[in-house]
Amino acid sequence: MRAIDRNRHPVVRAILLGMALALGVNALWLAAVANLSLGNFLAGALAVGLLVWAFVFADLPKLANGAIIGVLAAVLVSSGLLAWYGSSDNVDYHEDAVIVLGAAVHGTTVSSTLQARLDTALAYHQQNPKAWIVVTGGQGAQEDISEAKAAATYLLSRGVPDGQILRDELSTSTEENFAFAKRLLDSQLGSRYRIAFVTDDFHVFRAERTARSAGLVPTHLSCHSPWYFWSANYSRETVAALWSLLQPS
């Protein structure tokens with residue numbers, strides 16, 4: 001059996017170790033400051049995977065290393081496509097309602113992610129003040145109130161009339177966000193109306209497919225995900241988008 005030479009390819013190993021360290025620190029920081037999520041777990045798992053690869057890549061067959069590189073390249077390309085698609089906003093400010101997709105709440109305070117979505121909805125509201133605003137999201141782990149209630153409180157404090165806000169305080173997923181929001185809007189607008197939705201750029205592609213599956217006619221307005229959330233957000237969303245594409249229409 002060939003002995004393992006730990007001194008082969010030191011530059012490649014150093015690069016992999018550096019990437020593993022950066023991702024690991026980022027994952028630990030996210031776990032400390034943000035609510036636990038699948039994205040945080042995937043970012044941590046990727047850091048561990050890179051760490052292991054750094055010590056074994058020199059002894060793996062070229063085909064195995066090529067497969068790993070191919071998977072990583074596919075994740076990077078898909079992340080770029082998600083970012084590009086999500087940043088191409090197509091609202092026309094004549095929609096009848098805007099749906100703000102839920103995001104984490106820390107206790108009773110909206111997270112930076114949810115705040116960015118709400119600020120984007122407020123900017124939309126200035127351009128189209130007659131549109132209903134639907135806030136979505138139930139109460140999850142590490143949350144003292146529902147995401148919708150926290151979001152509504154934030155909007156009210158910034159001058160949005162209470163009678164113009166609809167609250168979905170039960171949903172726990174993107175699918176339920178749109179399904180429950182549609183029920184609320186059907187009761188106010190009937191069956192013929194157009195909606196815009198607000199979410200992060202990485203989430204737009206899957207959210208748009210979900211909105212159409214719920215029977216809505218959507219446009220979208222995105223907000224940019226901060227760079228320090230990229231590893232968690234894009235790793236999770238790449239998996240979720242692939243899964244949604246594999247589901248029957």
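Which residue in β5 does Val134 stand opposite? Val134 stands opposite Leu166. The structure discussed here is a predicted model. The protein contains eight helices and seven strands, and 44% of its 249 residues count as buried.

**Overall architecture**

- The C-alpha trace of the protein spans about 75 × 35 × 25 Å along its principal axes.
- The protein exposes about 13,100 Å², and carbon and sulfur atoms supply 65% of that area.
- Among contacts in the protein with a separation of 6 or more, 72% come from residues 24 or more positions apart.
- Ile15 and Asp186 are 171 residues apart along the chain, and their C-alpha atoms are separated by 54 Å.

- Strand β4 comprises residues 132–136, and five of the five are buried, so the strand is largely enclosed by the rest of the structure.
- Trp132, Val134 and Thr136 point one way from β4, whereas Ile133 and Val135 point the other way. The residues on both sides of β4 are buried.
- Strand β1 (residues 97–100) runs parallel to β4 and is joined to β4 by four bridges. Within this pairing, Ile99 has Val134 of β4 as its bridge partner.
- Strand β5 (residues 165–168) also runs parallel to β4, and four bridges join the two strands. Val134 stands opposite Leu166 in this pairing.
- From β4 the chain crosses through helix α5 (residues 147–156) to β5, and this β-α-β crossover is right-handed.

**Salt bridges**

A search of the whole structure finds six salt bridges.

*Arg194 and Asp92*

- The side chains of Arg194 and Asp92 meet in a salt bridge, with an N to O distance of 2.9 Å.
- This pair links distant parts of the chain, 102 residues apart: Arg194 is in the loop between α6 (174–189) and β6 (195–200), and Asp92 is in the loop between α3 (62–86) and β1.

*Asp200 and Arg117*

- Asp200 and Arg117 form a salt bridge through their side chains, at 2.7 Å from N to O.
- Asp200 belongs to strand β6 and Arg117 to helix α4, so that distant parts of the chain, 83 residues apart, are linked.

*Arg206 and Glu237*

- The side chains of Arg206 and Glu237 meet in a salt bridge of 2.7 Å, N to O.
- Arg206 lies in helix α7 (residues 204–213) and Glu237 in helix α8 (residues 230–246), so the pair ties together parts that are 31 residues apart in sequence.
- Both Arg206 and Glu237 are buried.

*Shared partners*

- Salt bridges that share partners join Asp92, Glu95 and Arg194 into one network.

**Selected helix residues**

*Thr120 in helix α4*

- Thr120 is placed in helix α4 (residues 112–127).
- Its relative accessible area is 13%; because this is under 20%, Thr120 is buried.
- Beyond its neighbours within four places in sequence, Thr120 is in contact with Val198, Leu221, Ser222 and Cys223.

*Val52 in helix α2*

- Val52 lies in helix α2 (residues 38–56).
- With 47% relative accessibility, Val52 counts as partly exposed.
- Val52 also contributes to a nonpolar surface patch of about 390 Å², which Val48, Leu51, Phe55 and Val56 make together with it.

*Ile15 in helix α1*

- Ile15 has its place in helix α1 (residues 10–33).
- The relative accessibility of Ile15 is 49%; this value lies between 20% and 50%, so Ile15 counts as partly exposed.

Definitions and conventions: Residues are numbered from 1 along each chain as its sequence is written. This is a predicted model: local features need pLDDT of at least 70, side-chain atom pairs count only at pLDDT 80 or more; totals for chains, interfaces and linings use all residues. Side-chain values use heavy atoms; hydrogens and water are left out. Buried means under 20% relative accessible area, exposed over 50%, partly exposed in between (1.4 Å probe, protein chains only). Two strands pair if DSSP finds at least two bridges between them. A crossover is right-handed if, with the strands pointing away from the viewer, the path from the first strand over the helix to the second runs clockwise. Contact means heavy atoms within 4.5 Å. Patches are made of residues with over 30% relative accessible area and no salt bridge: like charges are joined within 9 Å, nonpolar side chains (Val, Leu, Ile, Met, Phe, Trp, Tyr) within 5 Å. Accessible areas come from the Shrake-Rupley method with a 1.4 Å probe; for residues, only the protein chains shown count as cover. A salt bridge is a side-chain nitrogen of Lys or Arg within 4 Å of a carboxyl oxygen of Asp or Glu.
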